[in-house]
Amino acid sequence: MSIAIRNVSKEFGTFKALNDVSLDIESGELVALLGPSGCGKTTLLRIIAGLETADQGNILFSGEDTTDVHVRERNVGFVFQHYALFRHMTVFDNVAFGLRMKPRAARPSEAVIKQKVHELLGLVQLDWLADRYPAQLSGGQRQRIALARALAVEPKVLLLDEPFGALDAKVRKELRRWLRRLHDDLHVTSIFVTHDQEEALEVADRVVLMNAGQVEQVGSPQEVWDHPASPFVYGFLGDVNLFHGRAHEGEMLIGVDQQGLRLATPEHQDAQDAKAFAYVRPHDLDVQRYTAGATGIVAKLVRAIVVGPIARLELLPLDASAAGNGDIIEAQIPAQQFHELGFLPHETLVLRPRKARVFVA
C-alpha cells in the first residue's frame, strides 16, 4: 500500500510540531523518519496511524483519503518503544489478541488462530517461547513479540516508533539486521521513527530527514550521506567538523591569508567575500607534522584515542576563528599511520581536508 502525505500541519498550543509536510511512500518500502527530539517525526507517525488528527492536510492510502477514517479502520500495525505487551498474558495470547478482537464475522476460528500465531512466532524465531510471560523474556525478545502481534492482523502498513530505543547497543544492532531481513521477506509498507542516524542508514530503503516540523531531505541512505542538502543534514548525519571562512569567486579561505587554507568551490563562483562554512568528516582530514610556512589549518594535538585500527585525534586550532570559536577538531587516521608518524601530545600539526562541503551564508 502506498502512502501520500499532503500539506500536513499540526500545532500543540503555540508549538508548531509539523509545518506543511508532504511526502510520498511507495508500496512495500521501508522508510525511516530521522531527526532530533521535537522535530515532528513521532507526531507525523501518529497522524498516519490515526492516533492524532492533523490541523490541516490529508493522508491517502493507495489514493484513498483516510484523513477522517478511524484508527480501527485503517488496518495499521503499530509497534511502540516500550513493547506494550499485556503482562498477564502468555506470548501466545499476546500475539493472538488482535485476531481474537476482530468482529465475529471476520474472526478466524481458534484452530486458524493457533496456526497463524505459531507461524508468526516462527517468523520472529521465538516459537519456543509461546507459553512464557513477558516478564520472563529479554528486551529484544519482547520487542520481537510486539512486532509479531502487530503483524498478526495482516496490516497494510506497519508503523514503528523508536522500536529499539529501550535496548542496549548490541541487541539494537542484532534487531536492526533482523528487521531488515523480515521486511525483505514480507514487503509490508513500513515507516519507523528513530533519532539514531546509524539505525536509519543501515535499515531503511529511504531516509526522511526532519527538523523543526519540516522535511529537510529525502533520499536513499547513500544519497543523504554523500550529498547532504543542508548544513543541518550534514551536521546530523555522523561526526563532522565545521570550519568558518570567507567565499569569494569560487574559492573559500579558512584562516589567515598567508598560511590559511584555500578550498576550490566552483559551485559558489558568484560569491563575493561572503561568510562561508565548510563541513569536513573526521576521516577526510589529512594530518601532517607542522613545518614552517606550511599551509593548512594549524592545530595542537590535545588527545589521541587509539582503539582497534583507527586513531581518533582531538586537536585545538591555533586560529580560534577557523573552527567555531576554538571548538575541538576531530580527525581520524589509521592506527598504523599514527604509530609510524609518532605524533606526541601537544605537538603542532597541520590539517588539510581531502573532501569538504561548503555552504555560503
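Modeller: Let's zoom in on helix 3, where the buried residues are I113, K116, V117, L120 and L121. They sit on the same side of helix 3, because they span an arc of only 135 degrees around the axis. That arc is taken from the directions that run from the helix axis to the C-beta atoms. "Buried" here means under 20% relative accessible area, while exposed is over 50% and partly exposed is in between, with a 1.4 Å probe and protein chains only. Helices (H or I, at least four residues) and strands (E, at least two) are DSSP runs, numbered from the N terminus.

Before going on, keep in mind that this is a predicted model, where local features need pLDDT of at least 70 and side-chain atom pairs count only at pLDDT 80 or more, while totals for chains, interfaces and linings use all residues. Residues are numbered from 1 along each chain as its sequence is written, and side-chain values use heavy atoms, with hydrogens and water left out.

So what lies over that buried side? The cover includes helix 2 (91-100) and helix 4 (139-152). Contact, by the way, means heavy atoms within 4.5 Å. Helix 3 itself runs over residues 110-123, which is 14 residues. From first C-alpha to last, helix 3 reaches 20 Å, close to the 20 Å expected at 1.5 Å a residue. That expected span is 1.5 Å times one less than the number of residues. After helix 3 comes Q125, with a positive phi, near 60 degrees.

Now zoom out. The chain has nine helices and 20 strands, and its C-alpha atoms fill a box of roughly 85 × 45 × 35 Å along the principal axes. Of its 361 residues, 48% are buried. Look at contacts between residues at least 6 apart in sequence: 67% of them join residues at least 24 apart.

Two other spots are worth a visit. T194 belongs to strand 8 (residues 189-194) and counts as buried because its relative accessibility is 0%. Beyond residues up to four places away in sequence, T194 touches L33, L34, G35, K41, E162, E199 and A200. E26, meanwhile, is in the loop between strand 2 (15-25) and strand 3 (30-34). Setting aside neighbours within four places in sequence, E26 is in contact with M1, S2, T189 and R206. E26 and A361 are 335 residues apart in sequence, and their C-alpha atoms are 35 Å apart in space.
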